[in-house]
Amino acid sequence: MSSTPRRVDCFSVFAAAEPSALPRILDVFTLFGVVPQRCHVCRLESDQDQLAIDVQAADLPAGRAEQIARRLDRVVAVTQVLHSERVHAGRVCVAPATGATLSEQRLSVAA
């Protein structure tokens, strides 16, 4: 296992729950030649007409995450884009307050 820290960019995208929303959002990553590490989609419990789409991409070139966030914000049906980044050394650490691993914690920073 490598001890070199990896930067992971996390994108939280909120969009109307339409059939074309998810492919359009993932297409943004395709346009930039990025294969996401993870992608999770669910409908919001409080508003079934909205999707919450979380996408993680590792080791993006400098400035690429901001470009992706701006492009995501222009996608039809997208209502909000949040971007954050984290650095980890590849090992799992447990957060004392929640018991969740650091990879499960979310940072919400407005883009």
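## Order of elements

Along the sequence the protein runs β-α-β-β-α-β, with 2 helices and 4 strands. Helices (H or I, at least four residues) and strands (E, at least two) are DSSP runs, numbered from the N terminus.

This is a predicted model, in which local features need pLDDT of at least 70, side-chain atom pairs count only at pLDDT 80 or more, and totals for chains, interfaces and linings use all residues. Residues are numbered from 1 along each chain as its sequence is written, and side-chain values use heavy atoms, with hydrogens and water left out.

## Helix pair

Helix H1 (residues 21-31) and helix H2 (residues 64-73) have axes that come within 10 Å and cross at roughly 145°. Axes are lines fitted to C-alpha atoms, for helices over the stretch in contact, and angles run from 0 to 180 degrees between N-to-C directions.

Ile25, Val28, Phe29 and Leu31 of H1 make the contact with Ile68, Arg71 and Leu72 of H2 (contact means heavy atoms within 4.5 Å). These residues divide into 6 nonpolar, no polar and 1 charged; Ala, Val, Leu, Ile, Met, Phe, Trp, Tyr, Cys and Pro count as nonpolar, Asp, Glu, Lys and Arg as charged, and the others, Gly among them, as polar.

## Contacts and burial

Of the contacts in the protein with a separation of 6 or more, 71% join residues 24 or more positions apart. Buried residues make up 34% of the 111 residues. Buried means under 20% relative accessible area, exposed over 50%, and partly exposed in between (1.4 Å probe, protein chains only).

## Cysteines

Cysteine 39 is partly exposed at 39% relative accessibility, and cysteine 42 is partly exposed at 32%. The disulfide count is 0, where a disulfide is a pair of cysteine sulfur atoms within 2.5 Å.
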